[in-house]
Each structure stands twice: as C-alpha cells, then as structure tokens.
Amino acid sequence: MALIRLDKKAYEHNLTLIASKAGGFDRIICVLKDNAYGHGDFLIAPLARSLGVKFVAFRNEDEALKFSDLFDNILILSHIPNSKENENFIYALNSKEHLYKYKSGTKLHIAIDTGMHRNGISLDDIAFIFKEAKNLGLDILGLFTHFASSDEYDASFFVQREKFRQAKKIAQSLSSKKLSFHSHNSSALFRSAFLDDDELCRVGLVQFGYCAFENSLKKVLSLYAHKLSQRILRKNEALGYGLRFFAKEDINIATYDLGYADGLFRYDASAQLLLANKKPILGKMSMDSFSWEDFGDELCVFDDVSSWAKFFNTIEYEILVKLNSKIKRVLS
Ligand SMILES: *Cc1c(COP(=O)(O)O)cnc(C)c1O
C-alpha cells in the first residue's frame, strides 16, 4: 500500500522560521486549502494549531467545516455567495456584485485588486463597498491582496505593494474597527526585508519546505510505494505499455503500487525520470503501478518534488496538490 510520510519536526522548523520572519505566530494565516497542498489537512491542521496558529485559510466551506472548532479565525478564499454563509467563518469578497448575495451579518475580508486582475475590487470602489456593506449589515473585518509575481524579481511586486498600502489607508479611514490586513504569500514574505507592522502574512507552500528565497527550509512530505510483484526481465525482453524499456542484460525488476491514478504525473518514458535513489523508472507509468529495478519492499518515490516539477515543466505546488487524498498518510 502506498504511503505518504509527513515529518513533524520539519513542519515545526518551517513554521518557526515563518513566525520569526513574520513577527510571531499571531501574525501567520496558514493557508491549508486543497488538503493542505496535498499533504493531508487532517494531520496538518491540528499540528499547526498545536504550534500556536490561530488563523487559517481554506478554499471552501467543506474544507473549513472539518476544522471549525480548532481555530479562532477561518478565512474562506473561494466561496460563491448563496445567502447561507456560516457566521463562524470570514469570507473573501472577491467581486463587487457579490456584496448583495451574502447573508446579513456575514464577516468579510475585501480582496483588493492591486494589479493581478484575478479577483477583488479596485481602490476606487473601497468607499462604495464600505457604504453598501453598512446598509446591508455585512461586517468588514479586513482587507487583503494577492501578488501576481512575488516569486520573480519583477517590479510589479512593488507597484502592487504600494497600491495595497494606499488601500489600507483608505479603508481604515472609513472604518471604526481596527481592520486586519494581509498581502504576503510564501515567496512575498521571504523576498521582503520585513512585513509591514500592520499586516499578517498568508502563507501556503512555504510551510511545507519550498521557497526559492529561503534555503534553510525542510521538506515535510515524502512518498513511498510498495512492491506488488517481481520477476527477472531477460536480456532483450521489454517491459510495460508500448514496450518502451528493453533489458540489455538480465535484470531483477519489480512493480510498485503507485500510478497516475494516485495523482502522479503520467511518465511516458521519453526521457529519464529519476526517483529518490537516482535510478530511473523503467518504461511508462501505468494507472496503478510503475516498474523499477527491484529495490525491496518499500521504495521512496520522492522526498523533494523539485526535480519532478522541473521534469514535468510545472511547479512544486502542482505535483504536491495532485497527490490523491486516498493515499494513506502518517505523521511522525
Ligand atoms: C493559495 C493562496 C495563498 C498561498 O500562496 P503560497 O504561494 O502557497 O504561499 C495566498 N493567498 C491566496 C489568495 C491564495 O489563493
């Protein structure tokens, strides 16, 4: 049975580093969307709580409901309003028109579009939003924005940060409450010299050990496969779909119990994809299995997804988040 192992100490190490950069655990919003980036939210959420995290963000209500007793504040990032909002959650206001579709009393953080143009409202609409929210009985508790290019050295980061600073001023002048503000995701936090005094950070991937701007992080997740069967592949015999691997000599091979149905990218054997021990997968990947030289009953597929991300021309996020939630996960 395939297995995901999560390294508790590595997670603690990363979170401590984030807290020291952000100015304390109170200033972290841990983004645990999409099964905590594929790691397993049922293990990561309680661990984050035990370390002192009190504010988390999820993609939707279904995710958040599982942990509503655990955290003081839960932000829902991608909710389409339906007038049935949960009074315990805070919802991201992603669009001006949504204002009229929330249940009265709903708590909101306004997404400000400072230049990414994915979600949010413009600076010009902030005053209007506060006025309408008051009439509609909606409770604006904060403001946030998201950077388009925080992972690259791109000037747009500074333009967006400046716009957000203006937005904070406008909003605070319109509200009698002390508003919450947050803008920095993982790479923004670690590329910046400091976080503005009035801000929280809103970090996802860096919790799990990946960030181009910080090299003392530790990887939290490793993936293991287990041996399903074994045989000797004789010289000149071929293996797997399309018979893409040929044995140049007799070799011991084994088939392991992980495939693209488990969320691994489908490897087509057109170039060499190496596993954790630097040996290549033999032949194409099947739906539920792949073959390898016989390395025993348990095999580490990866303990760092950077090389897989590079191989498949994608980002670490995608390799991690696609790991099927049905794979067994343990924390130790
Ligand atoms: C996913 C997400 C984050 C976290 O981003 P990381 O790069 O993983 O730190 C922050 N804010 C929003 C709005 C997101 O969608």
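1. Basis. The model is predicted, so local features need pLDDT of at least 70 and side-chain atom pairs pLDDT 80 or more, while totals for chains, interfaces and linings use all residues. Residues are numbered from 1 along each chain as its sequence is written, and side-chain values use heavy atoms, with hydrogens and water left out.

2. Overall. The protein has 9 helices and 16 strands (DSSP runs numbered from the N terminus: H or I of at least four residues for helices, E of at least two for strands). Its C-alpha atoms fill a box of roughly 80 × 40 × 35 Å along the principal axes. Of the 332 residues, 51% are buried (under 20% relative accessible area, 1.4 Å probe, protein chains only).

3. Ligand shell. The residues around the ligand (a heavy atom within 4 Å) include Val 31, Arg 118, His 146 and Leu 205. By class, the shell holds 5 nonpolar, 4 polar and 3 charged residues (Tyr counts as nonpolar, Gly as polar, Lys and Arg as charged).

4. Polar contacts. Using pairs of N or O atoms within 3.5 Å, polar side-chain atoms of Ser 186 and Tyr 317 each lie 2.5 Å from an oxygen atom of the ligand. For the side chain of Asn 185, the distance from an N or O atom to a ligand oxygen is 3.0 Å.

5. Cover. The protein covers 91% of the 390 Å² of accessible area that the ligand has on its own (Shrake-Rupley, 1.4 Å probe). Helix 2 (33–37) and strand 9 (199–203) are the elements giving two or more residues to the shell.

Terms used:
Polar contact = N/O pair within 3.5 Å; in protein donor to acceptor, adjacent residues only side chain to side chain. Buried < 20%, exposed > 50% of the residue type's maximum accessible area, 1.4 Å probe, protein only.
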